[in-house]
Amino acid sequence: MTFAATHDMHEQATRLFRGKRIVNFAIPLMMLAYLAYIFFAFDIPGLAQRASIDNARTLVGDSYSYKTHVEYDARSDAITVAIEGERKGTYEPGTGPGWLSFDGDIVRGDLGRGHVVTFDDGTVTYDIPDYGPITATPSRNGVDMTFPQGDRTTQPDWINASKNRLAVTTDQGRLTVTRTRAELFKYDYGWELFWFTLDSPFHGKSFGELVSLAFSSDRVVPEKSNIAAMASDFWTNKMWRHGDVAWALFETVLMAFLGTFGAAIVALPLAFLAARNFSPLIAVRFGVRRVFDFVRGVDALIWTIVLARAFGPGPLTGALAILLTDTGSFGKLFSEALENVDEKQIEGVQSTGAKQLQRYRFGVIPQITPVLLSQLLYYLESNTRSATIIGAITGGGIGLLLTQAMITQKDWEEVTYYIVLVILMVMIMDSVSGWLRGRLIGRAEGH
Amino acid sequence: MADISAQAPITTDDIRHDYMAMTRRKRLYSGAILAIFVALMVAGFDLADARNAGGFWDGWHNILDFPAQVLSEAIEKAPELPAHLLTFLPALIETVNIAAASTLLGAIGAIVMSLLATRGLARWPRLIPVFRRIMDIMRAVPEIVIALILIFVLGGGPVPAMIAIAFHTVGALGKLFSEVNENASLKPVEGLQSVGANWSQRMLLGVIPQVAPNYLSYTLLRFEINIRASAILGFVGAGGIGYELKNAMSWGQGKFDEAAAIFILLFLTIVLFDQLSSYFRDRLIKGRGA
């Protein structure tokens, strides 16, 4: 090698390195520039204004705690106790959770840490340790209130007092008194009434008691055995609607199942028409391929809208939307797999005198089955997620329940419950499809 | 094996008999599985039909009514169509931007997560199962769940959709990337280690150059999927073309020409990015073989 040649090579290498160096810096710079553009295009600086910290706080707080309302109505002189203030969670008059005690007309609420609220003949007393008792009486002329120290203009931040309204907010609870009523909120951890609602005889029993009841022959509900009564009370729980939720989950999986396998059944014969080595007519091949491209390009969103117009909301609409979109995807995948089959096997089958259909059955199908199945199972899992989203648009399955619960903007514990269920559902579908793939195709995927 | 020689010699008839018995059994099994499958499909469609608001047999002849209506209105107001297309172009760009930004952020996150979850490369080998679980959960959360929650907290607009899609993308790409990482050669990593490179230098200089084409190929595929996702999320209130589509749909009859314009834009965008991504993926794979 001459000196000139080495010199040239050196030059080349330097140039190459310089080029690479520029590229290596240019790519991150371009990404950064794009993200900077997005930063302003999406108005992220203005996000802080639009974001609502209060909403976030309600959401997080609600997802792991619940509140019990104790409400005194001055007009009817009656006290109602209700969980989350809902009719479904209202206690019978004269009863309530353990921290409330009833003594004739006097209701005493022990909020913990020495905080005690007493409702007595229209007057509410909130006794706060290290501060003293506050009393308030709703009346037509405003709220009559007394404080242990000072008057209503000189109270600390956590007491909000005006002529017609008193609000006391502590870590233990919240008391609001207006001219017509007094309301006490107490927050507790957990999901209220998750197992049994108040009208069920099993409400408030400990796990041990329930187990012993389940095996005891003394029937709580005369017409049913205890286990059946428990199951039916749980299933028809009005607050959480476990039965409806289970149906919704099932509907979502059903949509994914019908959509995926239906699409495979439709796409397989069409894929033969679109594969170069099985379909001699260019026109047919071209036509079928464009059909695949079209149904895939229209996308599940538009199919859902179009189909919902014809069939109304429900699981069938969702299943058909998935079926149509995936017919395109499968058609493309299957026809590519068909174009890659080995001709030798088909010739072998043919040499035994097999007819056209038998050649396909024994020469082609066994070759593409592994590819086909592994794609099918992969799509089944991903379609479970799509079915949740499509359900939210078209109105079916768990997606619908999720959007409904979110629109009310207060039942965040239900939203949390649905989210946990959705994640579990997708993860179970993922492991089931992985397990099936392992069983059907063998651990070593592909060839 | 020793028993065989002691027994009577095996005739072709025996072999044929055994073979036929095995074939019959196999055929019976696959027949049974097929029958169960068909029964499940029929029962499933029947049930879905029963739980749907409108039945299939009542509605199937109406399928074309809505597209026909949209089409006829679009043709009727054909001169206005280009103007509509132009009106909705910014919304379309927003949808594509949501997809692109979330794919970019998601891919960066997925690279880090996948390196942390690959045996032999992980920074903290003990935490590999933890990172894998995190990716599983991120993958399992449907975008719509995060998007709806963030819309409640952050207000409508593209940011909730971007975060939601990016979150899911980290999980989905992370799994694929870690499969790619497992096939990467460890020699460059060891070489770098021997000269005292720290973990991020080893990954950046030793692993990423090996796997970058594969990463890019999967990311392009994700981008294609994310465009669809971002259009759908728009429909539930996250901005972009989906939101416009929802508005156009809710105005109802007489305004379907706008819906038609959005359909056209959406269709063309999806097809365009489909083709682009498959072209570049093709080139990446072929380029690597050379």
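1. The unreviewed UniProt entry for chain A carries the annotation "transmembrane region" at residues 22-42, 245-272, 386-403 and 415-436. UniProt positions follow the numbering used here, feature names are shortened, and annotations may be inferred rather than shown by experiment. The model is predicted: local features need pLDDT of at least 70, side-chain atom pairs count only at pLDDT 80 or more, and totals for chains, interfaces and linings use all residues. Residues are numbered from 1 along each chain as its sequence is written, with chains lettered from A and ligands numbered from 1 in the order in which they are written.

2. Residues 22-42 of chain A are 95% helix and 0% strand, with end C-alpha atoms 30 Å apart. For residues 386-403 of chain A the values are 89% helix and 0% strand, and the end C-alpha atoms are 15 Å apart. Helices (H or I, at least four residues) and strands (E, at least two) are DSSP runs, numbered from the N terminus.

3. UniProt, again in an unreviewed entry, places "domain: ABC transmembrane type-1" at residues 249-433 of chain A. That span of chain A is 88% helix and 0% strand, and its end C-alpha atoms lie 17 Å apart.

4. Chain A also holds an open sheet of six strands in the order S2-S1-S12-S11-S10-S9, with antiparallel pairing. Strands S2 and S9 (159-161) of chain A are at the edges with a single partner strand each, so one side of each has no neighbour in the sheet. On average, neighbouring strands of this sheet are turned by 10 degrees against each other, direction ignored; the axes are lines fitted to C-alpha atoms.

5. Pairing here requires that DSSP finds at least two bridges between two strands. S1 (residues 65-73) and S12 (residues 181-189) of chain A are antiparallel over nine bridges, and A:Val70 has A:Leu184 in S12(A) as its bridge partner. Strand S11 (residues 173-178) of chain A is joined to S12(A) by four bridges, also antiparallel, with A:Thr176 opposite A:Glu183 in S12(A).

6. The bridge partner of A:Tyr72 in S2(A) is A:Ile79. The hairpin of S1(A) and S2(A) has four residues between the strands, and A:Asp77 takes a positive phi near 55 degrees there.

7. In chain B, the "transmembrane region" annotation (unreviewed entry) covers residues 28-48, 98-122, 143-167 and 259-280. Residues 259-280 of chain B are 100% helix and 0% strand, with end C-alpha atoms 31 Å apart. Residues 143-167 of chain B are 88% helix and 0% strand, but the end C-alpha atoms lie 8 Å apart.

8. At the interface, 53 residues of chain A are in contact with 50 residues of chain B, contact meaning C-beta atoms, placed from the backbone, within 7 Å. Helix H7 (residues 282-311) of chain A gives the largest share of the chain A side, 11 residues.

9. The largest nonpolar core has 135 residues, of which B:Ala147, B:Leu233 and B:Ile262 touch the most other members. Such a core is a set of buried Ala, Val, Leu, Ile, Met, Phe, Trp, Tyr and Cys residues joined through C-beta atoms within 7 Å, buried meaning 20 or more other C-beta atoms within 10 Å of the residue's own. Neighbours within four places in sequence aside, the contacts of B:Leu233 include B:Glu143, B:Ala147 and B:Gly242.

Terms used: Contact = placed C-beta atoms within 7 Å. Buried ≥ 20, exposed ≤ 12 C-beta atoms within 10 Å, placed from the backbone. Axes fitted to C-alpha atoms, helices over the stretch in contact; angles between N-to-C directions.
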